[in-house]
Amino acid sequence: MVNSLKRTTLTLSIVLAASLALSACGRKGDLDPPSTPVDQQNKRGVEAEKTPDTPFLLDPLL
């Protein structure tokens, strides 16, 4: 009984440690700059239509 409890605790601890270590993987730093300047992105020179700023359900949480 005690041996199986130790094995289960050890297994869960290893899985938890591995999941925490893998969840921290990623790239820290600034976002990559755009490949073309903003004034050259719109080749036709026409202003893009602005979309209205509609509130989203989760906005108060952010």
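Accessible areas here come from the Shrake-Rupley method with a 1.4 Å probe, and for residues only the protein chains shown count as cover. On that basis the chain has an accessible surface of about 6900 Å², with 63% of it belonging to carbon and sulfur atoms. The model is predicted, so local features need pLDDT of at least 70 and side-chain atom pairs count only at pLDDT 80 or more, while totals for chains, interfaces and linings use all residues. Residues are numbered from 1 along each chain as its sequence is written, and side-chain values use heavy atoms, with hydrogens and water left out.

The chain holds two helices and zero strands (DSSP runs numbered from the N terminus: H or I of at least four residues for helices, E of at least two for strands). Buried residues (under 20% relative accessible area; exposed is over 50%, partly exposed in between) account for 0% of its 62 residues. Running over residues 2–23, α1 reaches 31 Å from first C-alpha to last, close to the expected 32 Å (1.5 Å times one less than the number of residues).

Then there is the segment after α2 (38–41), where Leu58 is found. Leu58 is partly exposed, at 42% relative accessible area. Asp59 lies in the segment after α2 too, and counts as partly exposed at 39%. A polar atom of the Asp59 side chain sits 2.8 Å from the backbone nitrogen of Phe56. As for the surface, Phe56, Leu57, Leu58 and Leu61 form a nonpolar patch with about 510 Å² of accessible area together.

Terms used
Patch = residues over 30% accessible without salt bridge, like charges linked within 9 Å, V, L, I, M, F, W, Y side chains within 5 Å. Salt bridge = Lys/Arg side-chain N within 4 Å of Asp/Glu carboxyl O. Buried < 20%, exposed > 50% of the residue type's maximum accessible area, 1.4 Å probe, protein only. Polar contact = N/O pair within 3.5 Å; in protein donor to acceptor, adjacent residues only side chain to side chain.
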